[in-house]
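Subject: Handover of a structure

Dear colleague,

Please find below the structure that I am handing over to you. My notes on it follow directly after it.

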Amino acid sequence: MLKKKRVLVIEDDLVSRGLIEAALLDHYSITFCENVDQAELQLSNHDIVLTDHKPSGRPGLDLMKTTSCPIPVIGMSGMSRADIESLEKPSFGGKLTTFLQKPFEPKTLLEEISKGLKSKRKLLLKVLLPE
């Protein structure tokens, strides 16, 4: 039996957590954290991160700026599409694979996680073989 890929979810809203869990439970091993500080302690044990843009405490995307761990990150937010597009994505070191606008369909979440996991190999090579 293949080991399930591990998804670290940073989300402080219980309703959102429930919806994410329902979408992912049959496909992935899931760990929930309420904030970035909790997530930093568990980051190396996961294959991909799904983070709310504004969980309690520090912004979820701070995780990409403060860690050297080559792990893909999917951002999510209730912000407008224009606000999401205005974020400075290059400052995230190539780790941000996409940004989902809440609410999103479970199928969309599964597709984006699959794409993000495929990008993990590129991130590892970037760390091992810097330009």
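Helices (H or I, at least four residues) and strands (E, at least two) are DSSP runs, numbered from the N terminus. This is a predicted model, in which local features need pLDDT of at least 70 and side-chain atom pairs count only at pLDDT 80 or more, while totals for chains, interfaces and linings use all residues. Residues are numbered from 1 along each chain as its sequence is written, and side-chain values use heavy atoms, with hydrogens and water left out.

The chain as a whole

The protein chain has 5 helices and 5 strands, and from the N terminus on these elements follow the order β-α-β-α-β-α-β-α-β-α. Of its 131 residues, 41% are buried; here buried means under 20% relative accessible area, exposed over 50%, and partly exposed in between (1.4 Å probe, protein chains only). Counting contacts (heavy atoms within 4.5 Å) with a separation of 6 or more, 61% join residues 24 or more positions apart.

Helix H1 spans residues 14–24, and its buried residues are Ser16, Arg17, Ile20, Ala23 and Leu24. These lie on the same side of H1, because they cover an arc of only 130° around the axis, the arc being that of the directions from the helix axis to the C-beta atoms. Leu14, Val15, Leu19 and Ala22, on the other side of H1, are exposed.

The N-terminal end of H1 is capped by aspartate 13, which has a side-chain oxygen 3.3 Å from the backbone nitrogen of valine 15. This is a polar contact (a pair of N or O atoms within 3.5 Å; within protein, one must be able to donate a hydrogen and the other to accept it, and residues adjacent in sequence count only if both atoms are side-chain atoms). The backbone nitrogen of aspartate 13 is in turn reached by the side chain of glutamate 11, at 2.9 Å.

Glutamate 11 sits in the loop between strand E1 (6–10) and H1. It counts as buried, with 1% relative accessibility. Apart from neighbours within four places in sequence, glutamate 11 is in contact with residues including Ser16, Arg17, Asp52 and Met76.

All 5 of the 5 residues of strand E4 (residues 73–77) are buried. Val73, Gly75 and Ser77 are on one side, and Ile74 and Met76 are on the other. In a regular strand the side chains alternate between the two faces of the sheet. E4 runs parallel to strand E3 (residues 48–52), to which 4 bridges join it; two strands pair if DSSP finds at least two bridges between them. Isoleucine 74 in E4 is the bridge partner of leucine 50.

Where is proline 103 placed? Proline 103 is in the loop between strand E5 (96–101) and H5.

Arginine 58

Arginine 58 belongs to the loop between E3 and helix H3 (62–66). With a relative accessible area of 27%, arginine 58 is partly exposed. Its C-alpha atom is separated by 7.9 Å from that of aspartate 37, 21 residues apart along the chain.

With kind regards
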